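Please look over the sequence and the model shown below before reading on.

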Amino acid sequence: MIDTVERAEQTPEQIQPYAELGLKSDEYQRIRDILGRRPTSSELAMYSVMWSEHCSYKSSKVHLRQFGDKKPPTDALLVGIGENAGVVDIGDGWAVTFKVESHNHPSYVEPYQGAATGVGGIVRDILSMGARPIAVMDPLRFGPLDAPDTRRVLPGIVAGVGGYGNCLGLPNIGGEVVFDPTYLGNPLVNALCIGAMRHEDIHLASAKGVGNLVVLYGARTGGDGIGGVSVLASETFSEGGPTKRPSVQVGDPFMEKLLIEATLEVLHAGLVEGIQDLGGAGISCATSELASNGEGGMHVWLDRVLLRDPTLSPEEILMSESQERMCAIVRPENLDAFLARCAKWDVEAVVIGEVTDTGHLTIDWHGERIVDVPPRTVAHEGPVYERPYARPGWQDALQADDAARLPRPKSPAELRATLLDLVGSPNLASKAWITSQYDRYVLGNTVLAQPEDSGMVRVDELTGRGVAVSTDCNGRFAKLDPYTGAQLALAESYRNVATTGAEPLAVTNCLNFGSPEDPDVMWQFSEAVRGLADGCLQLGIPVTGGNVSFYNQTGSTAILPTPVVGVLGVIDNVERRTPMSWGTGGTIMLLGTTRAEFSGSEWAHHVHGHLGGLPPVVDLEAERSLARVLIDGARAGAIRAAHDVADGGVAQALVEMALRSQSGARVTVQGDAFTFLFSESAARAVVVADQPAAVAALAAHHGVECTELGSVTGQSVVEFAGLFDVTLDELRHVHDATIPAALA
Amino acid sequence: MRIGVVTFPGSLDDRDAARAVRIAGGESVALWHGDDDIKNVDAVILPGGFSYGDYLRCGAIARFAPVMTTIIERAHAGMPVLGICNGFQILCESHLLPGALIRNDHQHFICRDQTLRIEDVNSAWTSSYSTGQEIVVPLKNGEGGFVADDATLDMLEDNGRVIARYVGLNPNGSRRDIAGIRNERGNVVGLMPHPEHAVEALTGPTTDGLGFFASVLTSLAGSR
Amino acid sequence: MARVVVDVMLKPEILDPQGRAVQGALGRLGLSGVANVRQGKQFVIDLDGELDSDRSATLERLAAELLSNPVIEDYRLTVVEG
């Protein structure tokens, strides 16, 4: 018996399972108030998925407003927050769109498919802006490397990211791999995608033009992930493992590849008025969002949806998260041409509705009205929570517990041993086991890829114009001080882009936090957003879009607050990029000021298992000045190689450059050896120049401290003059061995 | 010289192959899998990728595409054909080359800069190299293990039909470290690694891959 | 209606890394004494109407040409119904 609108009007007392679908009783009442009656079961399904945390951002909206309120003035932003992804002008009529999203909970449940469909989802977001996807990146976070559950999830997640991305033909140009106990049980899988298009190709997700057709195309609809969005991303896992196990979404990258080609063809042929991808909440989301953004009305014949599983009910069809589906708004006169393009690529397409001017989204099932709602109430006017937040009671004690008091290595032998220990520690060790499973070459435009500071791809083969992207976040810094930690994440990403010679332009973010029902977590979130918004304003680069993932906790242990920040920059000609490899000669210089800052450092974490104190000072003006030296230096050809200084300090930066170059160096330690080697002060970079005077002058001009450290020798040793030396072989051995050994 | 590059559903490195042809000085012609007309091209490249998602077996479905009927015919008549990675898989499935490609022995997809030794230059696609020359080109595959029975392997070796071998590291478990083979006539070559990704210093580890594309242009010019 | 099942297995002499990986996993998960594991594929083909000798011959040919790669695989065709 179908629950129609008419039946709903006649049976107001019917008990409905709103709580099982994730709705609170006041939310359920609000739906009844909006409709003036009880919702049908289909309407209840739609509201429940669209009003879930993952779709409606109900706990984060009040804070995320700051990204718009504090938006820095910029001409580069062509499409801002609110659309599927932000779009930035990179010059010469080219536009680039990029965004990072999370797929954390599904990846814990089913690592391969969770990660794979995470990549699929973000790629479709980029595609729906009218762009050809050109690269992907994957910031990943796991529990301790030696934990059994890490060995369960890590290989599957990496295989899923690679399996999906490689099959789509998108180069993986960067990402992160971070290990921390708080991520055990809550691995973080964030997926970023970059797309490029000409300005005139930008498309928005709106349904305009009464009488235009709504076409659903791509894979057939099945029972994938029903309730995934509402159930998985809106609840914490209970101790002892995932108790909620709904149908997991399964991806088909081959179908997505066909979808990309078919979509780009119909877009370029001018056959599409509006376009939307189907992600979380599937058809519920696509129809309500398209309708909201257009004339305000849409009618859908749900029974026309092509099904993989003929037993699905209308509610299930509305909630299904079957992958590889898109929705296009097509003028009737263009329909045949649209269908022909889809047929060429063997992509199924069917008209499921039309744009109306009723101001309502109406859905029929075999002639019976099962949904009649104002679409904005579904898609945009979801609940807005003002969750209570308060600085945690333990924050003061945590900040007072400075890592400076921890016993530190003093003798050259102890320093040497600490260096080797850190170089081989999970967070600093080589990630090649992971990154060699990703295709970095496909499309032939990858200029820089991991382990370089940012991933860089050429956008225009004639002029060499390109973009660089980096993603960064030090969750430990964010735990010590979320406001500063978020700014440090922004600073690091900004710095990484500048290090490769690109000019930072725009920001995306993936905010991974614990439960918003915990005032401690909510405080961390509010502080991080405030820090990020303030930071973006100060640096003059806007947030173009992003994602929030809450409920990353098991029981009462939340993950480290992890606001992953992605910065995108542009470079006029990729030939002028600055790589990490320093060749066989040149002067090594350190840009920026070093302080004794060890709290939250890799040393404190790995050697002492300690987290306490205040994070390194963040000075965005200093970052800006440093960036100017790096970018202008690259343009002038004065800098041959560069690497930013971050986790593990200057020691790690030098070791990574030496290993990348397979060429040694001789440097003189400046001041206190331990501080020089392992402090994690921000706003610093190591550069190598053939004419150090030019770099020194540039640094002086911008007020950036510049110190000559030594020179590249081309030998097989890295020598810290007067202290110790260590061979490249030794370094390579410890650096390369750790992760493969743990996963064998 | 006009070199056709076939696009199957799921082909990925077709654009890169086309670029390599252009950089080598040829004209690349896009060929569609569903069309048996190969537009009078002088040679054909079957590019890398995941044609048909690698469903059933890599290359198993692509091999029956209309364009392949014509290509197989012309290959038997002497037209140069280069199969790269997925293309190599298609050539084996089509029986234009012996053997088969199976899953990497270590079970992972691997992308690395691979050293190869060119062992035979009597093919349309390797003639511009010298025997024993070592080159570095990217390798990226999950199903790159070349297998054949001992009799076939011996036949290939004895007749100089192994055109390239892995040096330093066998990245996928291929028997006898075989990275590429040719047919008897030397016009059909299958290669697992990707020379089309080693044609520009900016984006590749070397420009060593250009030789494959330069070879065919020279071979074709010579045969005019 | 007719149903035909085609089982495809790698030839015994071909390395089966997936089978080997499964063998290791079975052992680790508590099954002792696993002598060998081989992984293969099964195609379940439902046909309208009857399986006459023409269709049978075509099916046999396609099992040898499409569903399996005779260089590395063996197949076995079983008519389940019809």
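Between which chains are the most contacts found, among the two pairs of chains that touch? They are between chains A and B, where two residues are in contact if their C-beta atoms, placed from the backbone, lie within 7 Å. The model is a predicted one, in which local features need pLDDT of at least 70 and side-chain atom pairs count only at pLDDT 80 or more, while totals for chains, interfaces and linings use all residues. Residues are numbered from 1 along each chain as its sequence is written, and chains are lettered from A and ligands numbered from 1 in the order in which they are written.

**Chain contacts**

- Between chains A and B, 24 residues of chain A are in contact with 22 residues of chain B; α8 (148-168), α10 (253-268) and β14 (446-448) of chain A each supply at least two residues of the side of chain A that touches chain B, and α10(A) gives the most, with four residues. Helices (H or I, at least four residues) and strands (E, at least two) are DSSP runs, numbered from the N terminus.
- By class, that side of chain A has 11 nonpolar, eight polar and five charged residues, where Ala, Val, Leu, Ile, Met, Phe, Trp, Tyr, Cys and Pro count as nonpolar, Asp, Glu, Lys and Arg as charged, and the others, Gly among them, as polar.
- Chain B also meets chain C, with 11 residues of chain B in contact with nine residues of chain C; the side of chain B that touches chain C divides into four nonpolar, three polar and four charged residues.
- Chain A and chain C do not touch, their nearest C-alpha atoms being 12 Å apart.

- A residue is buried if 20 or more other C-beta atoms lie within 10 Å of its own, exposed if 12 or fewer, and partly exposed in between.

**Sheet and hairpin in chain A**

- An open sheet of seven strands runs in the order β8-β10-β7-β11-β9-β12-β13 with mixed pairing, and its edge strands, β8 (274-277) and β13 (368-373), each pair on one side only; two strands pair if DSSP finds at least two bridges between them.
- β8(A) pairs with β10 (residues 325-330) in the antiparallel sense over four bridges, and the bridge partner of G274(A) in β10(A) is I329(A).
- β27 (residues 717-720) and β28 (residues 724-727) likewise pair in the antiparallel sense over four bridges, with V718(A) opposite V726(A); in this hairpin, which has three residues between the strands, G722(A) takes a positive phi near 80 degrees.

**Helix α10 of chain A**

- The 16 residues of α10(A) should span 22 Å at 1.5 Å a residue, which agrees with the 22 Å between its end C-alpha atoms; the expected span is 1.5 Å times one less than the number of residues.
- Its buried residues include M255(A), L258(A), L259(A) and I260(A), and what covers the buried residues of α10(A) includes α7 (111-127), β4 (132-142) and α13 (335-344) of chain A.
- Just after α10(A), G270(A) takes a positive phi of about 70 degrees.

**L47 of chain C**

- L47(C) lies in strand β2 (residues 40-47) of chain C and counts as partly exposed because it has 14 C-beta neighbours inside 10 Å.
- L47(C) and R3(C) are 44 residues apart in sequence and 6.2 Å apart in space, C-alpha to C-alpha.
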